[in-house]
Amino acid sequence: MSVREFVVLGTASQVPTRHRNHNGYLLRWDGEGILFDPGEGTQRQMLRAGVAAHDINRICVTHFHGDHSLGLAGVIQRINLDQVPHPVTAHYPASGQKFFDRLRYATAYRETVRLREEPVAGDGALARGSSYTLEARRLSHPVESFGYRISEPDGRRMVPELLARHGIKGPDVGRIQREGRLGGVGLDEVSEHRPGQSFAFVMDTRLCPGVDELARGCDMLVIESTFLDEDERLATDHGHLTAGQAARTARDAGVRHLVLTHFSQRYSDPGAFERQARAAGFEGELTIAEDLVRVPLPKRG
């Protein structure tokens, strides 16, 4: 049975707090795991959340500020220590190659796992597989930053009533799915369009076209909301979003489940982010991220 869930490892912006670790997130997508922005302490948070090094197939770094990347050294060494049996691919801004190299080889260790480096130089598809396409879009931050989107291909959903109407059952159901036609009955006569699931990960950025492109029609949007709306000037100056800006983006993009994260330590009331997101008009499912929670992706539409 496939599992698609978002595991929150850390939610703090810039510095950790007593209750929030530096950034770190794992997306479980069927049999693969994609680790996003491993900040300092990610290895310990993985242990607390029940995430093993063996669960990681890809690492996606949005940018090379420390709260999004200082955990790379430990995670990469743990992948090698545990002798993960499959290759691991790392995506990160190409302009930060020197930072990735320093983190990868920060200390001495024995390399046992093939780590494939696939730096991101611009917008476009990074990887295509049978169950998803991974894309990147440029964001707006003081250092080069990219957001990531995972999209599942559209498919067909078999409709029991239509199958029964045409007398198709048992092994013939699989046959018409594979071949597209059974006798005089076409697949579209016994099924309906099923949109593929989509997930977007948007960290440190101002409002920009890349944010809108990543969020468009997404089932789950994980997006930074470092500041509350009353500090919008600070957000813009430092290349960040407010809760209201993130929520309006999700509202206009038709997002089904919005996850707000990356909170500044200046705020003590997480409920304020929820109130401002609702005030901005977002009516879908909303999660104010907390460390170590698991958020299932919405069921397919």
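**View A. β14, helix α7 and β15 form a right-handed β-α-β unit.** The helix covers residues 209-215. Right-handed is meant with the strands pointing away from the viewer, the path from the first strand over the helix to the second running clockwise. Helices (H or I, at least four residues) and strands (E, at least two) are DSSP runs, numbered from the N terminus. The model is predicted, so that local features need pLDDT of at least 70 and side-chain atom pairs count only at pLDDT 80 or more, while totals for chains, interfaces and linings use all residues. Residues are numbered from 1 along each chain as its sequence is written, and side-chain values use heavy atoms, with hydrogens and water left out.

**View B. Strand β14 pairs with β9 and with β15.** Pairing requires at least two DSSP bridges between two strands. Strand β9 (residues 146-151) runs antiparallel to β14 and is joined to it by four bridges; here Y148 stands opposite F201. Four bridges also link β14 to β15 (residues 220-224), in parallel, and F201 stands opposite V222 there.

**View C. Side chains of β14 (residues 198-202).**

Methods
Buried < 20%, exposed > 50% of the residue type's maximum accessible area, 1.4 Å probe, protein only.
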